Amino acid sequence: MRLYPNAQSKSLLLNLFLTVLAFSYALVMCWLLFYRNRYFGEGYSYNLVPFFTIKKYIVYHDHFNFDIWFKNLFGNIVLFMPIGLFLPLLNKKYSRGIVLAAASILLITIVELTQMLTRVGSFDIDDIILNTLGALLGLMMTKYLVR
């Protein structure tokens, strides 16, 4: 019996740990995106103009509570940084920025459309921009830490 596991079993344990963490992150995000602060609007709410909402929060920041604009700008970035951690560590093809960006845009667009269609939120192109930026920042941090 070996006291220290071999490299293959360490790799398997690490992958299992990362998978459990990624799944836990996905569950928390589903709760945050679809259940917490549920909003059932009269109609469908959407913004298709890139940087419209971002500009509104920056230019008119004094018209919003600090929590509102801070969460909408920085929360949308920080909450999606783990995508840039988990996807590349679980599958090397996502370690390229363009591949991670494409996957993030697809995933986040699905989330935004689902929020709008189920009326638990709205579709905002700026959320896709900020969330994708968060994923790419997560990838940059992951590459820096893995070195």
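Leaving aside its neighbours within four places in sequence, which residues is Asn-47 in contact with? They are Phe-52, Thr-53, Phe-123, Asp-124, Ile-125 and Asp-126, where contact means heavy atoms within 4.5 Å. This is a predicted model, so local features need pLDDT of at least 70 and side-chain atom pairs count only at pLDDT 80 or more, while totals for chains, interfaces and linings use all residues. Residues are numbered from 1 along each chain as its sequence is written, and side-chain values use heavy atoms, with hydrogens and water left out.

View A. Asn-47 sits in strand β1 (residues 46–47); strands (E, at least two residues) and helices (H or I, at least four) are DSSP runs numbered from the N terminus. With a relative accessible area of 11%, Asn-47 is buried (buried is under 20%, exposed over 50%, partly exposed in between, using a 1.4 Å probe and protein chains only). Its side chain makes a polar contact with the side chain of Asp-124, at 2.8 Å. A polar contact is a pair of N or O atoms within 3.5 Å; within protein, one must be able to donate a hydrogen and the other to accept it, and residues adjacent in sequence count only if both atoms are side-chain atoms.

View B. Look for Asp-124 in strand β2 (residues 123–124). Asp-124 is buried yet has no salt bridge, and Lys-56, the nearest side chain of opposite charge, is 6.9 Å away. A salt bridge needs a side-chain nitrogen of Lys or Arg within 4 Å of a carboxyl oxygen of Asp or Glu; Lys and Arg count as positive, Asp and Glu as negative, and His and the chain ends are not counted. A polar atom of the Asp-124 side chain does lie 2.9 Å from the backbone nitrogen of Asp-126.

**View C. Two positive phi values.** Phe-51, in the loop between β1 and α2 (52–59), has phi near 70 degrees, a positive value in a residue other than glycine. Phe-51 is partly exposed at 47% relative accessibility. Arg-119, in the loop between α5 (97–117) and β2, has phi near 60 degrees, again positive in a non-glycine residue. Arg-119 is partly exposed too, at 29%.

**View D. α2 against α6.** Helix α6 (residues 125–146) and α2 pack at about 80 degrees, with axes 7 Å apart. That makes α2 roughly perpendicular to α6 (65 to 115 degrees; under 35 is roughly parallel, over 145 roughly antiparallel, the rest oblique). Axes are lines fitted to C-alpha atoms, for helices over the stretch in contact, and angles run from 0 to 180 degrees between N-to-C directions. Phe-52, Thr-53 and Ile-54 of α2 meet Asp-126, Ile-129 and Leu-130 of α6.
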